[in-house]
Amino acid sequence: MKNSTMLSNAFVKVAKALKSQGNSFRNNTTIQVYSSELLEEYQQLKKLGEEIDEFKKKRINPVIKIIKKRKNTLNAEKKQFNKASSQFQKILRRENQIKELENMIKDKLKEFETKQYLEPISQFRSLTTSLKYYEVLDGITLILHVKADESVLNDIMDNKWNLTAIGRSEDFIDVQEVTFIELDSNTEIDTMTSNYAAYIDIDLIRSDLVFSKDKGMRTCIGTKYMLNKKYELINNQRVFEQKKVVYVSGHSIDEINSTKNLYVDGEYIVNFL
């Protein structure tokens, strides 16, 4: 883009994909190059983006994790002393120093990432000239339970109002609420039936941990799917780990089983795949 910060349609063509699939501007795969200089700039920016992500993962996230652990320790120590005591004030000063260090690390990283990567890469856009048809989802209430490392959960919480789509960019979402919860793995329950449809691990249905009472029998009928859970990059291709699930409604449980990733959250039956 000639000027990505303005409402301008002016652009310079950098490269063109030659096939409907399998092209890569990053690796010069089946593309026609119009500006080798700009294409090299794009490729270097993509490489820098990967290096920044790796730096966050291996260097920044472990440090932030240690800092948060130390803050929790100091917060627990403060509760042992009166707020007017010298011990409390000493701990408070140390806590503030650690918070300043944490904010400095985050601000420095954000400043570097914005100036060196996000702003330059925003100059490059993909232009589609052919007709495309999309199935757009509408009027769906979706409840997601996410289990992940603390840093990932905090990142979701910090950016909850920035979430505009899940999956495809055309699947717009309107976030109503994002909260931290703790699932109890010890509570005894009577038979509980969900009012929501859900994807359930097929092994839970085969073992009768999730069921529906149909004609007096513990059965559970639904549609089988293979859902992609995560992937690894092998030879520059994404290889997905898939989970066998059944899309069911009107399903019930009569026990919580944490070893099988089966929990209850209020009115929801939660199964982490």
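A search of the whole structure, which is a predicted model, finds 12 salt bridges, each being a side-chain nitrogen of Lys or Arg within 4 Å of a carboxyl oxygen of Asp or Glu. Side chains of opposite charge can pair when their charged atoms come close.

Let us start with arginine 26 and glutamate 50, whose side chains form a salt bridge at 3.1 Å, N to O. This pair links distant parts of the chain, 24 residues apart: arginine 26 sits in the loop between β1 (15-17) and β2 (31-33), and glutamate 50 in helix α1 (residues 36-78). Helices (H or I, at least four residues) and strands (E, at least two) are DSSP runs, numbered from the N terminus. Arginine 26 is partly exposed at 28% relative accessibility, and glutamate 50 is partly exposed at 46%. Here buried means under 20% relative accessible area, exposed over 50%, and partly exposed in between (1.4 Å probe, protein chains only).

Next, look at lysine 78 and glutamate 95, which meet at 2.7 Å, N to O. They too link distant parts of the chain, with lysine 78 in helix α1 and glutamate 95 in helix α2 (residues 86-121), 17 residues apart. Lysine 78 is buried at 13% relative accessibility, and glutamate 95 is buried at 5%.

Arginine 206 and aspartate 203 make a salt bridge at 4.0 Å, N to O. Because they lie three residues apart in helix α4 (residues 202-206), about one helical turn separates them. Arginine 206 is exposed at 57% relative accessibility, while aspartate 203 is partly exposed at 48%. There is also a network of salt bridges, which links Lys71, Glu102 and Lys106.

Now step back to the protein as a whole. It has four helices and 11 strands. Its radius of gyration, taken over C-alpha atoms, is 25 Å, whereas a compact globule of 273 residues would have one near 19 Å (the globule rule is 2.2 Å times the number of residues to the power 0.38). The C-alpha trace spans about 70 × 65 × 35 Å along its principal axes. Buried residues make up 24% of the 273 residues.

A word on conventions: residues are numbered from 1 along each chain as its sequence is written, and side-chain values use heavy atoms, with hydrogens and water left out. In this predicted model, local features need pLDDT of at least 70 and side-chain atom pairs count only at pLDDT 80 or more, while totals for chains, interfaces and linings use all residues.
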